[in-house]
Amino acid sequence: MSALLEVKNLKKYFRTARGTLHAVDDVSFSVEEGKTLGVVGESGCGKSTLGRTILRLHDATEGQVLYQGRDITQVNRRELKQLRQDMQMIFQDPFSSLDPRMSVSQLIAEPLIIYKKCSSRAALIQKVEELMDTVGLARRLVNTYPHELDGGRRQRIGVARALSLDPKFIVCDEPVSALDVSIQAQILNLMQDLQEERNLTYLFITHNMSVVKHISDRILVMYLGTVVELADAQEMFRNRLHPYTKALLAAVPIPALREKQPRKLLKGEISSPIDPKPGCRFASRCPYATELCRTQSPGLEEVLPGHYVSCHRVREINQL
């Protein structure tokens with residue numbers, strides 16, 4: 001299956017009073033059509049910035065974002081507007097991402113009006129009602145406002161807006177992190193059903209390892225703007241190789257009272273992403289770090305078929 005999206009050596013830097021913040025630093029990956037790539041990592045690792053840079057909500061500092069073979073970092077504003085019909089985003093906070101002055105019907109209809117997708121008022125109303133049915137929003141809520149709804153219904157509005165233009169690729173920026181567990185399951189199941197029905201491709205950003213295991217085909221682990229590990233979802237949970245990924249997965253609670261999971265406590269200071277020095281970003285917290293790790297940045301290397309790791313000592317640590 002061909003890749004719908006390819007990201008090559010993508011960088012996004014921000015100027016700050018203290019120096020240059022390397023939010024996304026030399027990130028490369030691809031996503032096959034109809035599949036889900038999960039992006040995980042601690043808060044502040046650059047996950048959301050990566051998603052926004054891919055969609056040109058932020059302009060990239062360097063690198064390429066190839067959508068169906070076309071580099072969208074080089075397109076002009078008019079071409080970008082047309083591309084955004086195919087590339088949408090579901091935002092993390094379902095309250096702040098919605099205009100509080102607009103009703104449910106107005107929020108869902110807004111993209112349809114901007115892109116002139118409906119020829120008449122009746123067609124617009126019908127399309128809005130169809131989208132509400134698709135995402136599980138009762139039609140009686142058509143004239144309600146976001147503050148009158150719970151988090152789950154608000155997020156369904158966000159999903160409906162993202163689907164309104166029939167996109168092929170959706171960046172999901174922690175779409176369930178602000179919801180209760182039972183509502184999380186409903187939204188995740190809805191997104192999987194929509195993916196199957198419409199052959200959607202997802203970039204699913206989250207810090208919840210249980211969620212990413214449930215929904216992803218491949219998983220990319222980020223640390224301070226860099227990729228430390230990339231593999232198929234089952235392979236990642238069965239055979240994690242990077243010390244950071246091991247610590248991240250060890251933190252996932254096991255629902256068993258008598259079974260104890262050994263914890264991998266990370267010690268040391270988190271290195272600054274502002275004007276970072278050469279070397280592995282994880283070296284200050286890694287129990288296996290050597291002088292090489294502190295002075296030379298590791299590249300992303302395929303150590304097993306389809307399994308990529310950025311670590312100088314990965315073979316030694318895992319005896320590969």
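I count two strands as paired if DSSP finds at least two bridges between them. The model I am reading is predicted.

**Sheet**

I began with strand E3 (residues 36-40) and strand E8 (residues 201-205), which pair in the parallel sense over four bridges. In this pair I find Thr-36 opposite Tyr-202 of E8.

I then traced the sheet as a whole. It is open, has eight strands and shows mixed pairing. I read the strand order as E6-E7-E8-E3-E9-E10-E12-E11. Which strands stand at the edges? They are E6 (87-90) and E11 (301-304); each has a single partner strand, so one side of each is left without a neighbour in the sheet. From one strand to the next, the twist averages 20°.

**Helices on the sheet**

Next I looked up what packs on the sheet. Helix H1 (residues 47-54) does, touching E3, E6, strand E7 (169-173), E8 and E9. The direction of H1 makes about 150° with that of E8. I also noted helix H6 (residues 181-198), which lies across E3, E6, E7 and E8. H6 runs at about 155° to E8.

**Salt bridges**

How many salt bridges does a search of the whole structure find? It finds 16. I looked up some of them.

Asp-232 forms a salt bridge with Arg-218, with 2.7 Å between the closest N and O atoms. This pair links distant parts of the chain, as Asp-232 is in strand E10 (residues 226-232) and Arg-218 is in strand E9 (residues 218-223), 14 residues apart. Asp-232 is partly exposed at 40% relative accessibility, and Arg-218 is partly exposed at 23%.

Glu-110 and Arg-161 meet through their side chains in a salt bridge of 2.9 Å, N to O. The two lie 51 residues apart and link distant parts of the chain: Glu-110 belongs to helix H3 (residues 104-114), Arg-161 to helix H5 (residues 151-163). I have Glu-110 as partly exposed, with a relative accessible area of 28%.

For Asp-99 and Arg-101 I note a side-chain salt bridge of 3.3 Å, N to O. Is Arg-101 buried or exposed? Arg-101 counts as exposed, because its relative accessibility is 68% and the cut-off for exposed is over 50%. Asp-99 is partly exposed, with a relative accessible area of 24%.

Last, I recorded a network of salt bridges that links Glu-129, Asp-133 and Arg-139.

Technical notes:
Residues are numbered from 1 along each chain as its sequence is written. This is a predicted model: local features need pLDDT of at least 70, side-chain atom pairs count only at pLDDT 80 or more; totals for chains, interfaces and linings use all residues. Side-chain values use heavy atoms; hydrogens and water are left out. A salt bridge is a side-chain nitrogen of Lys or Arg within 4 Å of a carboxyl oxygen of Asp or Glu. Buried means under 20% relative accessible area, exposed over 50%, partly exposed in between (1.4 Å probe, protein chains only). Axes are lines fitted to C-alpha atoms, for helices over the stretch in contact, and angles run from 0 to 180 degrees between N-to-C directions. Contact means heavy atoms within 4.5 Å.
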